[in-house]
Amino acid sequence: MSNAFFQIKSFLTYFLDNVDEHSLHSPFFFRFYTQILKTKLQSENVARLEGYRKRFLEDDRSITVKDLGAGSVHFRSNDSRKVRDIARTSLSRSKFSNLYSRIIKEYDYRNVIELGTSLGLNALYLALSPSTQVRTFEGSESIAEIAEELFLSAGSQNIRLIRGDIDSTLPVELRGTEVIDFALIDANHRYAPTMNYFDILASKVSAKSMIALDDIHASTEMERAWNTIRQDVRVHSTADLYRCGLVFFNPSLDKQHVVLRF
């Protein structure tokens, strides 16, 4: 099966299965849908951050990117890329960056991890609350340089970028961490690395924690990883938003899986 056909099939399945608040029987997911998924960030925050996206989309600089993960479907491995093309193909959509920021604010998450910094725009969304400390991991040195420029330009004081192969840097960085409140996995979109990242992060969660997994239907490997995570004994509920999956660890939640319209 070609990946294009697989993605069409996956989207049709999502389209047929997704529900809104009118079909949600769980009080937790009803509130999650109505109070978080259907709200928006303050317009001034969005306008400011999306201004950086516009700047990247116009950035004609070329950089050489060394792929440590699965690589990009849009570029040849380890080739020269324009920043504007990276922005066009690799940055998280505003809709989802906005959502992650709302989740962090709603649950007052303080310790946040992002795997896959890219150009750094999503990290700014994650770090909108001054009380939140964001650690973001990026494997490509040249892309990390661009992200650091952004953090400096934005005056961000609560983001720390960890450079290098995430397979090596993540376990070392988390040795002194007791609890991770929120984590976004958006790096090395293959089954084995994704499961490794999840296992490391899941060993540091509490009942109130959440892990978001990007591109859960982008390939057969990512969908397999998503389905494996859904069945993990540590996981109590999951939500499929097509582009991303949300994982909940609260034992008070019934073991359930919801497909949410978003």
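F11 counts as partly exposed because its relative accessibility is 39%, where buried means under 20% relative accessible area, exposed over 50%, and partly exposed in between (1.4 Å probe, protein chains only). F11 belongs to helix 1, residues 3-17, helices being DSSP runs of H or I with at least four residues, numbered from the N terminus.

This is a predicted model, in which local features need pLDDT of at least 70 and side-chain atom pairs count only at pLDDT 80 or more, while totals for chains, interfaces and linings use all residues. Residues are numbered from 1 along each chain as its sequence is written, and side-chain values use heavy atoms, with hydrogens and water left out.

## Salt bridges

R31 forms a salt bridge with E106, their closest N and O atoms being 2.9 Å apart; the term requires a side-chain nitrogen of Lys or Arg within 4 Å of a carboxyl oxygen of Asp or Glu. This pair links distant parts of the chain, since R31 is in helix 2 and E106 in helix 5, 75 residues apart. R31 counts as partly exposed, at 41% relative accessibility.

D215 forms a salt bridge with R243, at 2.9 Å between the closest N and O atoms, and both of these residues, D215 and R243, are buried.

Technical notes: Helix = DSSP H or I, 4+ residues; strand = E, 2+ residues; numbered from the N terminus.
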